[in-house]
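Please prepare a careful account of the structure shown below, with attention to the pairing of charged side chains and to the overall fold.

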Amino acid sequence: MSRVEVCSKEEGFEGSFYGARVLRQVGPKSYEVEYSNLFTEDESSHLIETVSGSELRPRPPGPPLWTRFCVGDTVDALHNDGWWVGRLTARRGVDYFVYFETTSEMIAYPVYRLRTHRDWVSGMWVSSKRKAELESLNSKLGSKKKRSF
């Protein structure tokens, strides 16, 4: 059983990722997953649902032993049992302030609830900065050669 993250496409949760494990493949491009931190309405068991393969990605690698964050970094913040993408806007004491474009909110987090944001691109993990470089290169190549990510 593979450990994965599921990208929510539910309204209000778009772009957030939730830890899960694949229980089985149920169709050519769909999988049954059991969430790590989401539960059934009566909270008696972990939530199990069928999702499209396009909503799955492997879990990102763990953070380096000493992760340093800087204002302006794109990070994932653990919020409401899922990982949400935001931008680090300030640090005060032990709190890091993260701004979320999707909700226009700024929320303070301790460092242990943050991780460096990475994207799963062509079968490998890349930083947001590297993804932007690859997309820029792709657009410069234009009609010469198209690359998909």
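In this predicted model, R115 and D76 are both buried, and their side chains meet in a salt bridge with an N to O distance of 2.9 Å. R115 belongs to strand β10 (residues 114-116) while D76 belongs to strand β6 (residues 74-79), so the pair ties together parts of the chain that are 39 residues apart in sequence. Through salt bridges that share partners, R115 and D76 are joined with E5 and R57 into one network.

R57 and E5 are both buried.

A further salt bridge connects E34 with R21, whose closest N and O atoms are 2.5 Å apart. E34 is in strand β3 (residues 30-39) and R21 in strand β2 (residues 17-27), so this pair ties together parts that are 13 residues apart in sequence. E34 has a relative accessibility of 16% and therefore counts as buried, whereas R21, with a relative accessible area of 26%, is partly exposed. The structure holds 5 salt bridges, and the table sets out those described here.

| Salt bridge | N to O distance | Separation in sequence |
|---|---|---|
| R115 and D76 | 2.9 Å | 39 residues |
| E34 and R21 | 2.5 Å | 13 residues |

Turning to the fold, the secondary structure of the protein comprises 1 helix and 12 strands, and the order along the sequence is β-β-β-β-β-β-β-β-β-β-β-β-α. Of the contacts with a separation of 6 or more, 36% are between residues 24 or more positions apart. Buried residues account for 33% of the 149 residues in the protein, and the protein exposes about 9,900 Å², of which 51% is supplied by carbon and sulfur atoms.

The cysteines can be considered last. A disulfide is a covalent bond between the sulfur atoms of two cysteines, and a search of the whole structure finds 0 of them. C7 is buried, with a relative accessible area of 18%, while C70 has a relative accessible area of 45% and is partly exposed.

Notes:
Residues are numbered from 1 along each chain as its sequence is written. This is a predicted model: local features need pLDDT of at least 70, side-chain atom pairs count only at pLDDT 80 or more; totals for chains, interfaces and linings use all residues. Side-chain values use heavy atoms; hydrogens and water are left out. A disulfide is a pair of cysteine sulfur atoms within 2.5 Å. Buried means under 20% relative accessible area, exposed over 50%, partly exposed in between (1.4 Å probe, protein chains only). Helices (H or I, at least four residues) and strands (E, at least two) are DSSP runs, numbered from the N terminus. Contact means heavy atoms within 4.5 Å. Accessible areas come from the Shrake-Rupley method with a 1.4 Å probe; for residues, only the protein chains shown count as cover. A salt bridge is a side-chain nitrogen of Lys or Arg within 4 Å of a carboxyl oxygen of Asp or Glu.
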